[in-house]
Amino acid sequence: TTIRGDAEVHDSNGNITLSGVEGAAKVRTTFGSVFLKGIAGTISVENQNGAISVSDLPSGKCREMSLKTNFSSIRVDLPHAGYNVHARTSFGSIHSDLPITASGSLSQENLTGTINGGGCRLELETANGNITIE
C-alpha cells in the first residue's frame, strides 16, 4: 500500500493486492487473484488462473490498461474518462454498465468500441470467465 512510484510484482501461488500506487502497476502471477485499488498510472496484469479486479482509480484521466487471465473473471471500475475498448472471452460474457459505442462485430464474447469518445487503450481478455466494466 501507498507506493510513491511504480510497482512491479511477480508471484506464482498467492493473491496480490496493490493499493495507493502513485505510478504504474505491472503484475504477473500464475495461481492467485489480483486486486488493484487506487492506481494512478498504467496498469498491466498477466494472470493464468485467477480473477482480476481494478477499482478506486483516480478520477479525471484515463490510464492505459491491459488485463489478461485464462481461467477466471475480470472486473474493472472505470473513472469518468475516454477509453478504446477491446474485450474478449471464449467461455463467458461481457457486461458493461457504461455505454459503449461498438465498432465492428459485436457479440457477448467479443467487443470492440469506445467509452466517452475513446482515449486510452483498455484491453480485457480471458478464456473462461466473465468480463464486467462498471
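Guide: Let's start with a rule: two strands count as paired if DSSP finds at least two bridges between them. Keep it in mind as we look at this predicted model.

Visitor: What makes β9 and β13 a pair?
Guide: Seven bridges join β9 to β13, and the rule asks for at least two, so they pair. The two strands run parallel.

Visitor: What makes β9 and β12 a pair, and which way do they run?
Guide: Here six bridges do the joining, between residues 83-89 and residues 110-115. At least two are needed, so this is a pair as well, and its strands run antiparallel. Asn84, for example, has Thr114 in β12 as its bridge partner.

Visitor: How many bridges join β7 to β13?
Guide: Four, and these strands run parallel. Met65 stands opposite Leu122 of β13 there.

Visitor: Why are β1 and β11 called edge strands?
Guide: Eight strands form an open sheet, in the order β1-β3-β5-β7-β13-β9-β12-β11, with mixed pairing. β1 (7-10) and β11 (101-102) each pair on one side only, and that makes them the edges.

Visitor: How do you know that Cys62 and Cys120 form a disulfide?
Guide: Their sulfur atoms lie 2.0 Å apart, and the cut-off is within 2.5 Å, so the pair qualifies. By this rule the count comes to one disulfide. Cys62 sits in the loop between β6 (52-55) and β7 (65-68), while Cys120 belongs to β13, 58 residues away, so distant parts of the chain get linked.

Visitor: What is the handedness of this disulfide, and why?
Guide: The torsion about the S-S bond is about 65°, so the disulfide is right-handed.

Visitor: Are Cys62 and Cys120 buried or exposed?
Guide: Both are buried, which means that each has under 20% relative accessible area.

Methods
Residues numbered from 1 in each chain as written. Predicted model: local features only at pLDDT ≥ 70, side-chain atom pairs only at ≥ 80, totals over all residues. Heavy atoms only, no water. Buried < 20%, exposed > 50% of the residue type's maximum accessible area, 1.4 Å probe, protein only.
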